[in-house]
Each structure stands twice: as structure tokens, then as C-alpha cells.
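Here's a quick walk through one model, starting with a single chain and then moving on to what it touches.

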Amino acid sequence: MEKSKKGIDLDSLLKKEWSYTTGAVLIALLATVLVLVVGKSWGVTGVFPFWGGVILEKIGVNADSWSIFNGKLSKFVFFKKFANITNVGIIIGAFIASLLAASFKIKMIKSFRQVVAAVIGGTLMGIGATLAMGCNIGGLFSGISALSLHGWVYLVFIFLGAIVGSSILKKWFM
Amino acid sequence: MSETTQTKIKRTGRRREAVKPEERKKKQLIQRIIGVIAVILVIFMAIFAQGINQKGAFIVLIGVGFGYVLQRSRFCLTAAIRDPFLTGGTELTKALIILLAVSSFLYMGINMAKFGLGLETLNLKLAAGYIKPVGLHTAIGAFLFGIGAVIAGGCASGTLMRIGEGFTQQWIAIIFFVTGTIIGKFLMPIVKKSSVLYTGKAIFLPSLFGGWLGAVIVHFGLLFALYIAADKWSRRKQK
Amino acid sequence: MEKILDCLGEACPIPLVKAQKALEEMATGDILIVGIDHSCAMKNLPDWAREAGHNVEIDEIGEGEWDVVIEKS
């Protein structure tokens, strides 16, 4: 174990991984604080279309005129929608966690297979999350937490999807 | 973890050139310093956010907290749904169940206070959590999401976490994830026109099971049963 | 026998699945060294190996890089 001169166990404080149970309880607590503070539950993908629209606008596409945005893009203020902040926060939090543990490393894409997996997987997640009205957080987590039937349906079918995904993964992406 | 390893397992040689301990200590210190700088920047970001959003500072800290906890506990929701079928492991599945049990318990407390023990002031739109329409579209959407998350190697939270950890594959995943949601948004009006796919009905378990007690028994009973099942599953799969 | 599995840059489940396959074909006492740089894998791989009864050591060789050494038991 690496101990600093002051005798503080840096490894335990910043590096040693926490148990899954610890993670589960802390996430539940954070989500509860969030819902108490903001009045809305944690969700990730609700703001994704707007991120896409804003970027499209920046590269010259008039996405704001599209039916799905209908002028909302011009009113987009990053810090006004909490999910924008929590999404970027997750990236930053994970970044900080790895840095403080001195285990940050940039992992470059290794094969074209990984690109294909990301393209297909990402697109399926995006469409799926929109149809189900939530991703694994906004749909599954926030749905089940609310004692909503749609959360339970989500739980059943996301597992079924995982079964299919696993065989596809084994067959094409290993 | 020490740099000069005295392993109990005898190995014939090091797999890679061992980096000198002094160089490693230097690299680690640099990472930690950048980490501390990032923490300070987060504090500035929180102050800045507070200027635009009344609750900005809290949201920044909670968001960063999510990312920190997810990474630190290696919490991968995708693995929770995938591992039982890919590797036979259910540790994360059980952790997911614990997460859902704790959060639904806490949310329920909030909602009981909001709606009353007899659901006198029930208003789904004011609930903690999301009570959304349930229908075939939910099943299809969740199914597609499950496939996609396993193939992409990360779900919504997992993709964000991995971007923060330095995985470049997830940059591609998120671009197409965003694209997918835009495609989805174009599809939704069409889906909503089909009464087979979409009914627009949101169903709150206490309303379905005659009050809080019925819902509690079913909901937490199912979670408990799933936990036991997950535990038995991994024992069965032990090679 | 000592076998080396380079899983640097591989996504989450791949190091574990490859390790499971490799160990199946190895004899008791053989050693498998899996090189990984995925934080998920540095937990799920040793966890699985220990539960399966093998001897496991984790060697951190760099920032965000580990060698998971598994002795088949």
C-alpha cells in the first residue's frame, strides 16, 4: 500500500474500488437528493435530441425548423435543463475519479469492429430510449423507482434485449 | 498495489517492460494534480451554474457525484443485464436490484407524503420518478435499448462514464446515440397514431393494486424474488 | 505453462469471456496473464476467477493498466 509521508492511506481513499453495494446505495441517495432538489428524477437521454440539434445548427443545418424541434433549439440554455448538467457531470466525475486514482488512460479504438459496434449499439439505444420514453436511467431506474408499470415492463424487456445482444456480441464482435 | 511485485504465483517473466518506480510515481502525481485541478474547476462550474440556475450548484455537484460513484464502484448497468447471459455472473445484477430497491423505497416515502396514504392527492405528474405511458412501444424500446447497450459496451450512464475514463469508442457511441434519439423523435408521432403500439396510459402500481400496501408487496416482493433468483443463477453457472 | 492474453483496448466483457475460454483449455497449475486497461474488467475478471476457485493476483503495471494473473486451480 502506498502511504504518503503524513500516513494517510491514499490508495484506500482515492484508488481502491468501492463495492457494488456501496455504489448502489450512494447512487440511490444521490438520485433522491436530485429529485428533492430539482423536482424531477434523474434521466440521461431526454436532452440528447437537443444536443444533436444544437450541434447541427452550429454546422449550418436549420434543424430548428424541423417538426421535432419547432423553434426550441434557439431557446436552449445549457444550464437551465438539469439533465444537461448531470450528463456532463457524469463525464467529469468519472474523469476525476480515474485521475485521483492515477488510473486514467486514453483507450484508442482498436479495430473497425469496435466502430461498427458503437454505431449500431448507439443508434439502437437512441431509438429504443425514445420509443420507451427513457433510457436505463430515465426509463428503467426512474420508472421502477416511481412504482410505475412502465418501469417493470422496461426491466423485463431490457433483459430480453440483453440476451439477444449477448449472442450478437459473441457472434460478431468478440 | 506495489510496483515491485512479490506475487505468490510464480511467473516465468514479466509480460511487459516494468516501468521504473520513480517514473510511475511521477506519472501518478501528475494525474492526481490534474484531478485536483479538475475538482477546483468543478467548484467554479458550480458557482457559475448557480448564477444561471437557482439550483445550479447542487445539480453540478450531484452530477459529478454520479460520475464519481459510478466509476469508483465500477458500476456498470449494462453488465448487470448482460453478464447473467454472457459470463454467468450476477454480482452487478444483484447490485442493480439493490439500487432499485433502495431508490424505490426512498421515492416511495416522498410520494407517500405527496399523495397521502390513501392516495387522496394523487397527481402522477408531481411524482418523484417518472410514471410514463406503458404500452407495446415501451417493450419494443426497452428491447432495442438492451440489444444496443450490450453491443455498444455501455448504456446511457455507462457511455458517459466511459467517455470520462478515456474510452474513445464511446465518443462514436454517443454520436450515434444522439442520432438515434433524433430518429426516434421523428418516429414517435407515427407510433402514437397506432393504438396497438401506444395507448398513452400511465399506470401507477398503487392504483393498480388497490393502494400502497398492495403495491409494496408486489413491487418489493418481486425485487426480492429477483435477487434470490440472481443469486441462484450464478451458483448454477459456476464452472 | 504460462499463457499471455493481451486485452488492451478491448471493451468490457471481452477480457472476461476470453479469459474464461482460455482457462478452459489450460491445465491445473497453468498460469494465465491477462493484460487489461478497462476498469470494469479489473474488478469483474478477478472476482469471477476467485469465485471459480483460482488463485488471482492483480498487478498494476501502469496508470490504468493491469495484468491479471490467474493460476488455474
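## Chain A on its own

Among contacts in chain A between residues at least 6 apart in sequence, what percentage join residues at least 24 apart? The figure is 43%, with contact meaning heavy atoms within 4.5 Å.

This is a predicted model, where local features need pLDDT of at least 70, side-chain atom pairs count only at pLDDT 80 or more, and totals for chains, interfaces and linings use all residues. Residues are numbered from 1 along each chain as its sequence is written, chains are lettered from A in the order in which they are written, and side-chain values use heavy atoms, leaving out hydrogens and water.

Chain A has 7 helices and 0 strands (DSSP runs: H or I of at least four residues for helices, E of at least two for strands). Of its 174 residues, 58% are buried, that is, under 20% relative accessible area with a 1.4 Å probe, protein chains only.

## Where A meets B

Over at the interface, 126 residues of chain A are in contact with 118 of chain B. The buried area is about 11,500 Å², with carbon and sulfur atoms giving 78%; that's the accessible area (1.4 Å probe) the two parts lose on being put together, summed over both. A:Tyr20, A:Met125 and A:Leu147 supply 7% of what chain A buries against chain B, more than any other three residues.

Salt bridges between the two chains number 0, counting a side-chain nitrogen of Lys or Arg within 4 Å of a carboxyl oxygen of Asp or Glu.

Key:
Buried means under 20% relative accessible area, exposed over 50%, partly exposed in between (1.4 Å probe, protein chains only).
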